[in-house]
Amino acid sequence: MSLDLRDRIRDVPDFPTEGVVFKDLMPLIADPEYFAEAIRLLAEWTGPREPDLVLGAEARGFIFGAALAYELGAGFIAARKPGKLPRETVEATYALEYGTDTLQVHRDAVPSGARVVVLDDVLATGGTAKAKIELVESLGGVVTGVLFVIELTFLKGRDRLAGYDVHSLIQY
């Protein structure tokens, strides 16, 4: 019997702004048994898609993405906030449910034709995931899946990802 990952996800009301209920995954990450189960479930879905690379954005996307890449024997790409990467970058700006943001990757991060799984901790409006897809595709990569630990279904982010293979471990 698998663990119920929801047991280690904490709700934080009014963060980062009033009216938003933040799903805090840090208690899950801090519990070795639950974290291992999350990575196992992510790898179970991702493995058949045979990615060369996993792309994750800071900060929790780094944690889950790097662990997943290691588990799969794939490489990991860090999508970062502007000014954090030392070489030439490409960028995508996107809307959040509470503002806008920009992500960058190194221009040489995705070899042409590379199979990439885009991973993030939470699917909300889909803006972050769509921006990461655009980054991968602008560099010639092929997005073979878009993966989340949590999906906030009421925000309909999956709609923005139509045409892509999308999966989430937990839905709220």
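Student: What stands opposite Val146 in β9?
Tutor: Val166 stands opposite Val146 there. This is a predicted model, where local features need pLDDT of at least 70 and side-chain atom pairs count only at pLDDT 80 or more, while totals for chains, interfaces and linings use all residues. Residues are numbered from 1 along each chain as its sequence is written, and side-chain values use heavy atoms, with hydrogens and water left out.

Student: How many bridges join β8 to β9?
Tutor: Five, and the two strands run parallel. Strands pair if DSSP finds at least two bridges between them. Strands (E, at least two residues) and helices (H or I, at least four) are DSSP runs, numbered from the N terminus.

Student: And which strand pairs with β8 over eight bridges?
Tutor: That is β7, residues 115–123, again in the parallel sense. One example is Val122, whose bridge partner in β8 is Ile150.

Student: What's the strand order in the sheet?
Tutor: β4-β3-β7-β8-β9, an open sheet of five strands with parallel pairing. The edges are β4 (75–79) and β9 (166–171), each of which pairs on one side only. On average, neighbouring strands are turned by 20° against each other, direction ignored.

Student: What packs on the sheet and touches β7, β8 and β9?
Tutor: Helix α2 does, and its direction makes about 150° with that of β8. Helix α3 also packs on the sheet, touching β3 (53–57), β4, β7 and β8, with its direction at about 165° to that of β3. Axes are lines fitted to C-alpha atoms (for helices, over the stretch in contact), and angles run from 0 to 180 degrees between N-to-C directions.

Student: Where do α2 and α3 sit relative to each other?
Tutor: The axes of α2 (residues 32–46) and α3 (residues 60–72) come within 9 Å and cross at roughly 60°. The contact (heavy atoms within 4.5 Å) includes Phe35, Ile39 and Leu42 of α2, and Ile63, Phe64 and Leu68 of α3.

Student: New topic. Is Thr144 buried or exposed?
Tutor: Thr144 counts as buried because its relative accessibility is 12%. The cut-offs are under 20% relative accessible area for buried and over 50% for exposed, with partly exposed in between (1.4 Å probe, protein chains only).

Student: Which strand is Thr144 in, and what does it touch?
Tutor: Thr144 is in β8, residues 142–151. Leaving aside neighbours within four places in sequence, Thr144 is in contact with Arg49, Arg115, Val116, Val117 and Asp165.

Student: How many residues of β8 are buried?
Tutor: Nine of the 10, so β8 is largely enclosed by the rest of the structure.
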